[in-house]
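Here is a colleague's note on the structure, in numbered points. Please read it with the coordinates open.

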Amino acid sequence: MKFAKYLETESVPEWKQKYIDYKALKKALRHIEEKQGPLDKNNAQSTDAMPVAPIFGIFFAETHKHPRTKTTNALSMGSYTLDMAETFARRSPEERSFFDLLDKELEKICQFYEEKEKEAVKRLYALREQVLVLEAAISGLEEVERRREEIAANEKELKQKLEKALLEFYRSVELLKNYKILNHTGFMKILKKFEKTTNWKCSKLYMHKAERRNFVASTVLDKIIAQTETLYTEIFDGDSRKKAMDSLRIPDLKKRVCGFVLVQVPKD
């Protein structure tokens, strides 16, 4: 399955506009192909040998501050050695437009992910409060021996509500994790296509920038998932983690999040 189709299939419908716009980026690449002449495959331009410096704003922002030099901090193009800003400035308007679009997509994804991550943190705190309420209610009711039937009914109702809330929450954070994986994969794949189209080896440099952003670098979501799994296991499955995981995960997402996207990325 082509990655563009896979992305469309696996996207959460309500978040459709928040994923990487892979089709628009491919369209930008086709525009580059239409404007440029035949490529010399033996003269690929590369940034791979450069040590990667901090990057701010758009792809090569801030680099104009560095003077022209023949050190490894520069890009080699034929008989010329230029700093990054100069090199980027000499790329075609279509190539610069591609990176403008890529940067906009990166900012969109980072902003959306940050919002969802913050929501997840708040919801986890709220669920912990519900657990405390459940424990307090059960403890208080157990002191009244003559109300055993009411105690059992109240405990069952409280646990059912809490279990439903935990299941819904866990599945929502699994979807957010899949959002991270799909977008990260999308950036890697579209940059490889850019390299193939332009013969300019720059994907490692851009991915170094992208992978420092929250939707890739943040570990908060993994901690939320782990804490939710522990909470559910302790309350509902008698410390049997395997049984808890079977209850928690959406069947399709077992493959989606833990296997297919990470190991068997669709070709495009």
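1. **Residue F215.** F215 sits in helix α7, residues 214-217. Helices here are DSSP runs of H or I with at least four residues, strands are runs of E with at least two, and both are numbered from the N terminus. F215 counts as buried because its relative accessibility is 1%. Buried means under 20% relative accessible area, exposed means over 50%, and partly exposed lies in between (1.4 Å probe, protein chains only). Beyond its neighbours within four places in sequence, F215 is in contact with L106, I109, C110, Y113, K180, N183, H184, F187 and A210. Contact means heavy atoms within 4.5 Å.

2. **Basis of the model.** This is a predicted model; local features need pLDDT of at least 70 and side-chain atom pairs count only at pLDDT 80 or more, while totals for chains, interfaces and linings use all residues. Residues are numbered from 1 along each chain as its sequence is written, and side-chain values use heavy atoms, with hydrogens and water left out.

3. **Confidence.** pLDDT is the predictor's confidence in each residue, from 0 to 100. The protein averages 77, and 66% of the residues score at least 70. Helix α2 (residues 22-35) has the highest confidence, at 95. Strand β2 (residues 75-77) has the lowest, at a mean of 36. Two stretches need care. Over residues 47-82 pLDDT stays under 50, and the model has 66 contacts beyond four places in sequence for them. Over residues 253-264 pLDDT also stays under 50, with 30 such contacts in the model. Where pLDDT is low, the predicted coordinates should not be read in detail.

4. **Overall make-up.** The protein has ten helices and four strands. From the N terminus on, the order is α-α-β-β-β-α-α-α-β-α-α-α-α-α. Of the 268 residues, 40% are buried. Among contacts with a separation of 6 or more, 77% come from residues 24 or more positions apart. The accessible surface comes to about 15500 Å², and carbon and sulfur atoms hold 52% of that surface. Areas come from the Shrake-Rupley method with a 1.4 Å probe; for residues, only the protein chains shown count as cover.

5. E195 is placed in helix α5, residues 148-198. E195 is buried, because its relative accessibility is 5%. Leaving out neighbours within four places, E195 is in contact with W200, K201, C202 and S203. N199 lies in the loop between α5 and β4 (200-201). What is the phi of N199? N199 has a positive phi of about 65°, although it is not a glycine. Most residues other than glycine have a negative phi. At a relative accessible area of 8%, N199 is buried.

6. **Cysteines.** How many disulfides does the structure hold? The structure holds zero. The test is a pair of cysteine sulfur atoms within 2.5 Å. C110 is buried at 3% relative accessibility. C202 is buried too, at 0% relative accessible area.

7. **Aromatic pairs.** Rings of Phe, Tyr and Trp (its six-membered ring) pair if their centres lie within 6.5 Å; planes under 30 degrees apart count as stacked, over 60 as edge-to-face and the rest as tilted. By this rule there are 13 aromatic pairs. One of them is F3 with Y22: the centres are 5.0 Å apart and the planes stand at 70°, so this pair is edge-to-face. F3 lies in helix α1 (residues 3-10) and Y22 in helix α2, so the pair ties together parts 19 residues apart in sequence. F3 and Y22 are both buried.

8. **A second ring pair.** W15 and F112 have ring centres 5.4 Å apart and planes at 70°, so they too are edge-to-face. This pair links distant parts of the chain: W15 in the loop between α1 and α2, and F112 in helix α4 (residues 93-141), 97 residues apart. W15 is buried at 12% relative accessibility. F112 is buried at 7% relative accessible area.

9. **Ring cluster and charge.** Ring pairs link F98, F99, F194, W200 and Y206 into a cluster. R91 lies over the face of W200, at 4.2 Å from the ring centre. A charge sits over a ring if NZ of Lys or CZ of Arg is within 6 Å of the ring centre and within 35 degrees of the ring normal.
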